[in-house]
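The dialogue below takes them in turn.

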Amino acid sequence: KHQESLRAPPHFPRALARSRTTVVMSRRYDSSTTTFSPEGRLHQVEYAIEAINNAGTAVGILAADGIVLAGEKQKSTSLLQPSKSSEKMYKLDDHVVTVVAGLTADANILINNARLQSQRYLYTYQEPMPVEQLVQRVCNYKQAYTQYGGLRPFGVAFLFAGWDEHHNYQLYMSDPSGNYSGWKATCIGQNNQAGKGLLKNEYEETATVSDALKLAAKVLQKTMDATSATAEKVEFMVLTKEGGKLVQRILPESETTAVLAAVAADASNEGDV
(Lines give C-alpha, C1' and ligand atoms only; values in the text may rest on other atoms or scores of the structure.)
Protein backbone atom coordinates (compact mmCIF):
# COMPACT_ATOMS: atom_id res chain seq x y z
CA LYS A 1 0.00 0.00 0.00
CA HIS A 2 2.84 2.36 0.87
CA GLN A 3 4.48 1.73 -2.50
CA GLU A 4 1.20 2.31 -4.30
CA SER A 5 0.77 5.68 -2.56
CA LEU A 6 4.17 6.80 -3.84
CA ARG A 7 3.31 6.05 -7.44
CA ALA A 8 2.55 9.00 -9.69
CA PRO A 9 -0.98 9.22 -11.04
CA PRO A 10 -1.41 7.74 -14.52
CA HIS A 11 -1.78 11.16 -16.13
CA PHE A 12 1.55 12.43 -14.66
CA PRO A 13 3.80 11.59 -17.68
CA ARG A 14 1.35 13.30 -20.03
CA ALA A 15 1.23 16.43 -17.84
CA LEU A 16 5.03 16.54 -17.66
CA ALA A 17 5.32 16.14 -21.43
CA ARG A 18 2.75 18.90 -21.92
CA SER A 19 4.70 21.30 -19.66
CA ARG A 20 7.94 20.50 -21.47
CA THR A 21 6.25 21.16 -24.80
CA THR A 22 5.01 24.54 -23.50
CA VAL A 23 8.56 25.50 -22.41
CA VAL A 24 10.00 24.46 -25.78
CA MET A 25 7.24 26.37 -27.61
CA SER A 26 7.88 29.56 -25.59
CA ARG A 27 11.63 29.35 -26.18
CA ARG A 28 10.98 29.03 -29.89
CA TYR A 29 9.58 32.58 -29.95
CA ASP A 30 12.10 34.16 -27.54
CA SER A 31 14.74 34.90 -30.15
CA SER A 32 12.40 36.33 -32.79
CA THR A 33 11.38 39.98 -32.77
CA THR A 34 8.87 39.59 -35.57
CA THR A 35 7.01 36.40 -34.59
CA PHE A 36 4.07 36.35 -32.22
CA SER A 37 3.96 33.63 -29.58
CA PRO A 38 0.77 31.51 -29.27
CA GLU A 39 -0.28 33.88 -26.47
CA GLY A 40 -0.02 36.84 -28.83
CA ARG A 41 3.17 38.30 -27.32
CA LEU A 42 6.41 39.64 -28.77
CA HIS A 43 8.93 38.42 -26.22
CA GLN A 44 11.90 40.50 -27.39
CA VAL A 45 9.89 43.72 -27.05
CA GLU A 46 8.85 42.70 -23.54
CA TYR A 47 12.47 41.94 -22.64
CA ALA A 48 13.51 45.39 -23.90
CA ILE A 49 10.87 46.99 -21.67
CA GLU A 50 12.12 44.89 -18.76
CA ALA A 51 15.69 46.13 -19.36
CA ILE A 52 14.42 49.69 -18.94
CA ASN A 53 12.83 48.79 -15.62
CA ASN A 54 16.36 48.10 -14.33
CA ALA A 55 17.76 51.43 -15.58
CA GLY A 56 18.18 54.67 -13.64
CA THR A 57 14.91 56.40 -12.80
CA ALA A 58 13.64 59.36 -14.83
CA VAL A 59 10.74 61.63 -13.83
CA GLY A 60 8.70 64.16 -15.80
CA ILE A 61 6.20 66.61 -14.27
CA LEU A 62 4.00 69.12 -16.09
CA ALA A 63 3.67 72.34 -14.06
CA ALA A 64 1.44 75.36 -14.63
CA ASP A 65 4.39 77.51 -15.74
CA GLY A 66 6.78 74.95 -17.20
CA ILE A 67 8.01 71.35 -17.19
CA VAL A 68 10.43 69.63 -14.81
CA LEU A 69 12.55 66.62 -15.80
CA ALA A 70 14.64 64.71 -13.28
CA GLY A 71 16.97 61.74 -13.60
CA GLU A 72 19.14 59.46 -11.52
CA LYS A 73 22.80 59.49 -12.52
CA GLN A 74 24.20 55.96 -12.27
CA LYS A 75 27.97 55.86 -11.86
CA SER A 76 29.51 52.39 -11.77
CA THR A 77 32.79 53.47 -10.11
CA SER A 78 34.34 56.58 -8.60
CA LEU A 79 37.37 56.08 -10.89
CA LEU A 80 35.29 56.96 -13.94
CA GLN A 81 35.96 60.42 -15.35
CA PRO A 82 32.85 62.63 -15.03
CA SER A 83 31.10 63.31 -18.33
CA LYS A 84 31.45 66.82 -19.77
CA SER A 85 27.75 66.83 -20.68
CA SER A 86 24.64 65.18 -19.30
CA GLU A 87 24.24 61.48 -20.09
CA LYS A 88 20.61 61.55 -19.00
CA MET A 89 19.12 64.71 -20.53
CA TYR A 90 19.42 65.94 -24.09
CA LYS A 91 18.31 68.93 -26.15
CA LEU A 92 16.51 67.92 -29.35
CA ASP A 93 15.63 71.43 -30.52
CA ASP A 94 15.10 74.89 -29.04
CA HIS A 95 11.58 73.85 -27.96
CA VAL A 96 12.01 70.12 -27.12
CA VAL A 97 14.15 68.24 -24.60
CA THR A 98 14.24 64.62 -23.47
CA VAL A 99 15.37 62.44 -20.57
CA VAL A 100 16.28 58.79 -21.19
CA ALA A 101 16.20 55.52 -19.26
CA GLY A 102 17.98 52.49 -20.66
CA LEU A 103 20.91 51.91 -23.01
CA THR A 104 22.66 55.22 -23.73
CA ALA A 105 24.14 53.93 -27.00
CA ASP A 106 20.67 53.10 -28.32
CA ALA A 107 19.41 56.48 -27.11
CA ASN A 108 22.12 58.32 -29.06
CA ILE A 109 20.89 56.84 -32.36
CA LEU A 110 17.31 57.92 -31.71
CA ILE A 111 18.32 61.36 -30.41
CA ASN A 112 20.33 62.05 -33.58
CA ASN A 113 17.37 60.88 -35.66
CA ALA A 114 15.00 63.20 -33.73
CA ARG A 115 17.34 66.18 -34.18
CA LEU A 116 17.57 65.48 -37.90
CA GLN A 117 13.78 65.21 -38.27
CA SER A 118 13.26 68.46 -36.38
CA GLN A 119 15.79 70.41 -38.46
CA ARG A 120 14.39 69.05 -41.72
CA TYR A 121 10.93 70.25 -40.71
CA LEU A 122 12.31 73.67 -39.75
CA TYR A 123 14.16 73.96 -43.09
CA THR A 124 11.08 72.91 -45.08
CA TYR A 125 8.35 74.91 -43.32
CA GLN A 126 10.37 77.69 -41.61
CA GLU A 127 8.72 77.02 -38.24
CA PRO A 128 9.45 74.68 -35.29
CA MET A 129 8.15 71.13 -35.57
CA PRO A 130 5.09 70.43 -33.37
CA VAL A 131 6.16 68.42 -30.32
CA GLU A 132 3.76 65.50 -30.80
CA GLN A 133 4.67 65.20 -34.47
CA LEU A 134 8.35 64.89 -33.56
CA VAL A 135 7.55 62.24 -30.93
CA GLN A 136 5.48 60.35 -33.48
CA ARG A 137 8.34 60.34 -36.01
CA VAL A 138 10.74 58.90 -33.42
CA CYS A 139 8.20 56.26 -32.39
CA ASN A 140 7.61 55.22 -36.01
CA TYR A 141 11.36 54.64 -36.31
CA LYS A 142 11.36 52.58 -33.11
CA GLN A 143 8.34 50.54 -34.18
CA ALA A 144 10.07 49.51 -37.42
CA TYR A 145 12.72 47.74 -35.32
CA THR A 146 10.00 45.42 -33.95
CA GLN A 147 8.59 44.46 -37.35
CA TYR A 148 11.52 43.55 -39.61
CA GLY A 149 13.73 40.49 -39.27
CA GLY A 150 17.37 40.77 -38.26
CA LEU A 151 16.75 43.78 -36.01
CA ARG A 152 16.25 44.16 -32.28
CA PRO A 153 14.16 46.74 -30.40
CA PHE A 154 15.88 49.83 -28.99
CA GLY A 155 16.46 49.21 -25.28
CA VAL A 156 15.56 52.73 -24.19
CA ALA A 157 12.50 54.72 -23.07
CA PHE A 158 12.11 58.49 -23.36
CA LEU A 159 10.28 61.29 -21.63
CA PHE A 160 9.84 64.12 -24.14
CA ALA A 161 9.09 67.63 -22.85
CA GLY A 162 8.34 70.57 -25.09
CA TRP A 163 6.26 73.61 -25.96
CA ASP A 164 4.53 74.65 -29.16
CA GLU A 165 1.83 77.14 -30.13
CA HIS A 166 -0.72 74.37 -30.68
CA HIS A 167 -0.81 72.70 -27.25
CA ASN A 168 1.57 74.77 -25.08
CA TYR A 169 3.56 72.66 -22.57
CA GLN A 170 3.51 68.92 -23.31
CA LEU A 171 4.99 65.77 -21.76
CA TYR A 172 5.15 62.43 -23.60
CA MET A 173 6.45 58.98 -22.71
CA SER A 174 7.69 56.46 -25.31
CA ASP A 175 8.76 52.81 -24.87
CA PRO A 176 10.64 50.30 -27.13
CA SER A 177 7.42 49.05 -28.76
CA GLY A 178 6.94 52.41 -30.51
CA ASN A 179 3.94 53.40 -28.39
CA TYR A 180 3.75 56.90 -26.95
CA SER A 181 1.30 58.63 -24.62
CA GLY A 182 0.80 62.08 -23.13
CA TRP A 183 1.16 62.54 -19.36
CA LYS A 184 0.74 65.18 -16.68
CA ALA A 185 3.36 63.42 -14.55
CA THR A 186 5.06 60.06 -14.92
CA CYS A 187 8.12 57.99 -14.02
CA ILE A 188 10.22 55.44 -15.96
CA GLY A 189 13.11 53.20 -14.94
CA GLN A 190 13.61 51.13 -11.81
CA ASN A 191 10.92 51.20 -9.11
CA ASN A 192 8.72 53.23 -11.47
CA GLN A 193 5.53 51.83 -9.93
CA ALA A 194 6.42 53.29 -6.54
CA GLY A 195 7.21 56.62 -8.21
CA LYS A 196 3.93 56.65 -10.12
CA GLY A 197 2.05 55.91 -6.91
CA LEU A 198 3.61 58.94 -5.22
CA LEU A 199 2.88 61.15 -8.22
CA LYS A 200 -0.73 59.97 -8.31
CA ASN A 201 -1.22 60.98 -4.68
CA GLU A 202 0.67 64.28 -4.62
CA TYR A 203 0.54 65.79 -8.13
CA GLU A 204 -1.49 68.97 -8.56
CA GLU A 205 -2.17 70.64 -11.92
CA THR A 206 -1.80 74.10 -10.38
CA ALA A 207 1.71 73.36 -9.08
CA THR A 208 4.51 75.74 -10.05
CA VAL A 209 7.94 74.72 -11.33
CA SER A 210 9.42 75.07 -7.82
CA ASP A 211 6.70 72.77 -6.42
CA ALA A 212 7.30 70.28 -9.25
CA LEU A 213 11.05 70.26 -8.50
CA LYS A 214 10.36 69.26 -4.91
CA LEU A 215 7.93 66.55 -5.99
CA ALA A 216 10.43 65.18 -8.53
CA ALA A 217 13.09 65.06 -5.80
CA LYS A 218 10.70 63.14 -3.53
CA VAL A 219 10.02 60.63 -6.30
CA LEU A 220 13.74 60.06 -6.90
CA GLN A 221 14.38 59.59 -3.19
CA LYS A 222 11.62 56.97 -3.12
CA THR A 223 12.82 55.05 -6.19
CA MET A 224 16.60 55.19 -5.76
CA ASP A 225 18.50 52.31 -4.16
CA ALA A 226 20.71 54.75 -2.23
CA THR A 227 19.65 55.81 1.25
CA SER A 228 19.49 59.48 0.28
CA ALA A 229 19.69 61.49 -2.93
CA THR A 230 22.62 63.87 -3.40
CA ALA A 231 23.59 66.38 -6.09
CA GLU A 232 26.15 63.86 -7.42
CA LYS A 233 23.45 61.23 -7.96
CA VAL A 234 20.51 63.22 -9.39
CA GLU A 235 19.99 65.78 -12.11
CA PHE A 236 17.20 68.27 -12.82
CA MET A 237 16.21 70.12 -15.98
CA VAL A 238 13.61 72.90 -16.23
CA LEU A 239 11.78 74.05 -19.36
CA THR A 240 10.14 77.48 -18.88
CA LYS A 241 9.35 80.70 -20.72
CA GLU A 242 11.18 83.86 -19.70
CA GLY A 243 10.29 87.12 -21.41
CA GLY A 244 8.36 85.28 -24.10
CA LYS A 245 11.36 83.08 -24.94
CA LEU A 246 11.61 79.36 -24.17
CA VAL A 247 14.50 78.51 -21.84
CA GLN A 248 16.00 75.06 -21.18
CA ARG A 249 18.20 74.85 -18.14
CA ILE A 250 19.95 72.05 -16.28
CA LEU A 251 20.19 72.98 -12.61
CA PRO A 252 23.75 73.41 -11.27
CA GLU A 253 24.82 71.37 -8.23
CA SER A 254 24.21 74.30 -5.86
CA GLU A 255 20.54 74.59 -6.86
CA THR A 256 20.11 70.80 -6.85
CA THR A 257 21.48 70.66 -3.31
CA ALA A 258 19.07 73.43 -2.25
CA VAL A 259 16.07 71.52 -3.69
CA LEU A 260 17.10 68.30 -1.94
CA ALA A 261 17.64 70.18 1.34
CA ALA A 262 14.18 71.76 1.10
CA VAL A 263 12.58 68.33 0.56
CA ALA A 264 14.50 66.89 3.52
CA ALA A 265 13.38 69.83 5.70
CA ASP A 266 9.74 69.33 4.69
CA ALA A 267 10.00 65.62 5.50
CA SER A 268 11.47 66.31 8.95
CA ASN A 269 8.73 68.86 9.69
CA GLU A 270 6.07 66.35 8.75
CA GLY A 271 7.76 63.80 11.02
CA ASP A 272 7.73 66.24 13.93
CA VAL A 273 4.00 66.86 13.45
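**Reading the model**

A: The protein has eight helices and 10 strands. The model is a predicted one.

Q: How many residues does the protein have, and what percentage of them count as buried?

A: There are 273 residues, and 42% of them count as buried. As for contacts with a separation of 6 or more, 62% are between residues 24 or more positions apart.

Q: How do I read a nonpolar core, and which residues have the most contacts inside the largest one?

A: The general idea is that nonpolar side chains in soluble globular proteins tend to be buried together. Here the largest nonpolar core holds 47 residues, and Val59, Ile61, Leu69, Leu199, Leu213 and Phe236 have the most contacts inside it. The element that gives the most to this core is helix α7, residues 209–223, with eight residues. Apart from this core lies another one, of 20 residues, including Val96, Met129, Val138 and Phe154.

Q: Which residues is leucine 213 in contact with, leaving aside neighbours within four places in sequence?

A: Leucine 213 is in contact with Val68, Phe236, Val238, Leu251 and Val259.

Q: How do I read the side chains of a strand, and which residues of β8 point one way and which the other?

A: In a regular strand, side chains alternate between the two faces of the sheet. In strand β8, residues 185–188, Ala185 and Cys187 point one way, while Thr186 and Ile188 point the other way. All four of these residues are buried.

Q: In what sense do β1 and β8 pair, and over how many bridges?

A: Strand β1, residues 58–63, pairs with β8 in the antiparallel sense over four bridges. Within this pair, alanine 185 of β8 has isoleucine 61 opposite. Isoleucine 61 is also among the residues with the most contacts inside the largest core.

Q: How is a pocket found, and what is the volume of the largest one?

A: Rolling a probe the size of a water molecule over the atoms shows where empty space is left. The largest pocket in this model has a volume of about 1000 Å³. Its lining has 35 residues, and those nearest the centre are Lys73, Gln74, Lys75, Glu87 and Glu232. At least two lining residues come from each of β4 (96–102), β9 (234–242) and α8 (253–272).

Q: How do the lining residues divide into nonpolar, polar and charged?

A: There are 13 nonpolar, 11 polar and 11 charged residues in the lining of the largest pocket.

Q: Where does glutamine 126 lie, and is glutamine 126 buried or exposed?

A: Glutamine 126 has a positive phi of about 60°, although it is not a glycine. This residue lies in the loop between α4 (104–125) and α5 (131–144). Glutamine 126 is exposed because its relative accessible area, 63%, is over the 50% cut-off.

Q: Where does asparagine 191 lie, and which residues is asparagine 191 in contact with, leaving aside neighbours within four places in sequence?

A: Asparagine 191, which is not a glycine either, has a positive phi of about 55°. Asparagine 191 lies in the loop between β8 and α6 (192–202). At 39% relative accessibility, asparagine 191 counts as partly exposed. The contacts of asparagine 191 are with Asn53, Thr223 and Asp225. From alanine 55, asparagine 191 is 136 residues away in sequence and 9.4 Å away in space, C-alpha to C-alpha.

Terms used. Residues numbered from 1 in each chain as written. Predicted model: local features only at pLDDT ≥ 70, side-chain atom pairs only at ≥ 80, totals over all residues. Heavy atoms only, no water. Core = buried A, V, L, I, M, F, W, Y, C linked by side-chain atoms within 4.5 Å. Buried < 20%, exposed > 50% of the residue type's maximum accessible area, 1.4 Å probe, protein only. Contact = heavy atoms within 4.5 Å. 1 Å grid on protein atoms, 1.4 Å probe; cavity = no way out; pocket = protein on both sides within 12 Å on 5 of 7 lines; lining within 4 Å. Points joined across faces, edges and corners; volume = space filled by probe spheres on them. Nonpolar A, V, L, I, M, F, W, Y, C, P; charged D, E, K, R; others polar. Pairing = 2+ DSSP bridges.
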